[in-house]
Amino acid sequence: MCGINGYFSQVQKGDSKLAISRMNQAIHHRGPDADNIWYDNQTNLILGHCRLAIQDISEAGAQPMHSVSGRFVIAFNGEIYNHLALRQELSSQGLSPNWRGHSDTETLLACFSAWGVHKTLQKLVGMFAITLWDRKLSQLTLARDRLGEKPLYWGWQEDSLYFSSELKALKANPFFKTEIDRNSITLLLRHNCIPAPYSVYKGINKLKPGHYVQLSLSNLTQAQKTEPISYWSFNHIVETGLETPFEGSSDQAIDVLEEALLTSISDQMLSDVPLGAFLSGGIDSSTIVALMQAQSSNPIKTFTIGFDDEGYNEAKHAKSIAKHLGTNHTELYIQSSDALNVIPKLPDIYSEPFSDSSQIPTFLVSELASQHVKVALSGDGGDELFGGYNRYLMAQNIWSKSRKIPKPARKLISNLLLTVPPSKWDRVFNHISPILPKSLHIRTAGDKAHKLASVLSLDKNYEYYRALTSHWQQPDELVIGSYEPTTLASSYDAWPKTDSFEHTMMAIDAQTYMSDDILVKVDRAAMANSLETRVPFLDHRIVELAWKMPLEYKIRNDEGKWLLKQVLFRYIPKELIERPKMGFGIPLHDWLRTSLRDWAEALLDENLIKEQGYFHAEPIRKLWLEHLSGKYNHHHHLWDILMFQAWLESE
């Protein structure tokens, strides 16, 4: 894993090598093992690379790297898991160069030389952000992996092109001008992240997953108008998979998925440095660890963090699973002070506003793992591929059934639910939980009751999805001088054609929430600790297989991830797994009323907000006071504002 930087200007503005050095230094955490630059005298293009050496840790793997012919120069962030197979394919076609080492970067250069950009990208199995300079054509290619595991920002300011793994590197370039995009703030408030292709700065985009862009730097006018090209389409995979579904029995489906996961995990265990895995005790991470341990003669190193608050602690479950599997398990129980100490670091870690509060425990478990290994496998992606989120179950149990109730009655029920504050709903559920089945043991029941109320009176399924996946429902009314840009989540005509509403939600979640929130959260938290993370569920072959599986193999008998669980139960007893979904959260709502109160009060000061001029202050103050009263839980909405304010303060 590494960090990549680049800068091009048609007119020499100053010391470009000093500029790229500052960019490299800004993301040194992504690659603390080496720091190199390469400059093209003819075009003023300069590439920077910070290396975290994972494969071929010798100098033969150093970057930026030149092809044997000298035509191509590459700066690459990621891992290509099938690079040895690609070397064999090149050899069989008589296209192999004289190999200098065994790095996947060298393999990439040989593939681009032999097959070109588009064909090579389609052959890759892995995660990556790539910058490739073609000296013959004076053409720069920027490319990103299919699911968006690795980040890549790029954009023009006048006649200058900037690109990097993180925004903080662009900001470190003395020629770069920072201008905040108010419209992107509205997206933050709705989604708790800024989705691709947008960023917090005007003119700077995130390259969308599954895309590449080719810029002819000899023709600046043309280059500035060039649009990214898709080499892999998630929508196409969804529609093709559902049109040609898996037709075997459920037992055969379990066999096929198990074999595919074993292959993906085996590929991702390739490393020249110590490797381990995150283990939360949930279905996804337990599956990854179980299949890792099944293929290892030595105990796999696993890591988890725990909380003293039982409502947020899964460490005891992870410990039981680790003991059953025989892993070398490390756990760390953290206090609220440990988590609170992370908060001042968040603006720098994420380098643009990001407000998924599970960023805090994700950083802490990454920090723990980085003390023992340089690579950790993660269980992200299982929910989106195999139907794990509660909203998918709600679609079957509540949405479809509630449509039979007249709208006036639905509105009445909604109003009744809203008249009871979330805190009282929590007390009711805590009181009656001993007599309820396990499936109805609900954490934060009050929040969920109010969420249910917000969708009961809606008539369209896309309205239901948008309501459940939004924080602020009208963010452009809160951000002064803004409008909310269009995204895939709001472009209903661009959604794939599916056989069910549940499948539609899964497809959109994978392309929005997963890529723009979850993968961003994990990448930045891990790389801040110089830790590489790998996500076996996001091997595109697993994704394509999952979309061939019928919905009944994913959601069955009011149970999500049915198929994945059947694979897991071949390795771990059911009683160690079957319990209510907890998630990876922290008691943020309580902290905002106690240990974080003074910090939040300072950032939410009405005069400060008015002076800054980004938000209308009155609605924010109203929510803050309601939250402090204890009757309402507005921590999601408030955290969106607080993370922007903290980031703005760090600018």
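Analyst: Let's begin with a word we'll need a lot: a residue is buried under 20% relative accessible area, exposed over 50%, and partly exposed in between, using a 1.4 Å probe and protein chains only. You're looking at a predicted model, where local features need pLDDT of at least 70 and side-chain atom pairs count only at pLDDT 80 or more, while totals for chains, interfaces and linings use all residues. Residues are numbered from 1 along each chain as its sequence is written, and side-chain values use heavy atoms, with hydrogens and water left out.

User: What makes H3 a helix, and what is its span?

Analyst: Helices are DSSP runs of H or I with at least four residues, strands are E runs with at least two, and both are numbered from the N terminus. H3 covers residues 104–115, which is 12 residues. The expected span is 1.5 Å times one less than the number of residues. For H3, the distance from first C-alpha to last is 16 Å, close to the 16 Å expected. Just after H3, glycine 116 takes a positive phi of about 85 degrees.

User: Why is H3 described as largely enclosed?

Analyst: Because 10 of its 12 residues are buried. Among them are Asp104, Leu108, Cys111 and Trp115. Those buried residues pack against strands S4 (65–66), S5 (72–80) and S6 (126–134), and against helices H2 (83–92) and H4 (117–123). Contact means heavy atoms within 4.5 Å.

User: How does H3 lie relative to the strands?

Analyst: H3 lies across S4, S5 and S6, and runs at about 125 degrees to S5. Axes are lines fitted to C-alpha atoms, for helices over the stretch in contact, and angles go from 0 to 180 degrees between N-to-C directions.

User: What makes S5 and S6 a pair?

Analyst: Two strands pair if DSSP finds at least two bridges between them. S5 and S6 have nine bridges, in the antiparallel sense, so they pass. One of these links asparagine 77 to alanine 129 in S6. Likewise, S6 pairs antiparallel with S7 (residues 139–144) over six bridges, including alanine 129 with arginine 144 and leucine 132 with threonine 141. S6 and S7 form a hairpin with four residues between them, and serine 138 in the turn has a positive phi of about 50 degrees.

User: Why are S4 and S12 said to be at the edges?

Analyst: The open sheet has six strands in the order S4-S5-S6-S7-S11-S12, with antiparallel pairing. S4 and S12 (229–230) each have a single partner strand, so one side of each has no neighbour in the sheet.

User: How do you know that S6 is mostly covered?

Analyst: Nine of its nine residues are buried. Gly126, Phe128, Ile130, Leu132 and Asp134 point one way, Met127, Ala129, Thr131 and Trp133 point the other way, and all are buried.

User: Now histidine 503: what makes its link to lysine 554 a polar contact?

Analyst: A polar contact is a pair of N or O atoms within 3.5 Å; within protein, one must be able to donate a hydrogen and the other to accept it, and residues adjacent in sequence count only if both atoms are side-chain atoms. The side chains of histidine 503 and lysine 554 come to 2.9 Å, so that is inside the cut-off. Histidine 503 is in helix H21 (residues 501–527) and is buried, at 0% relative accessible area.
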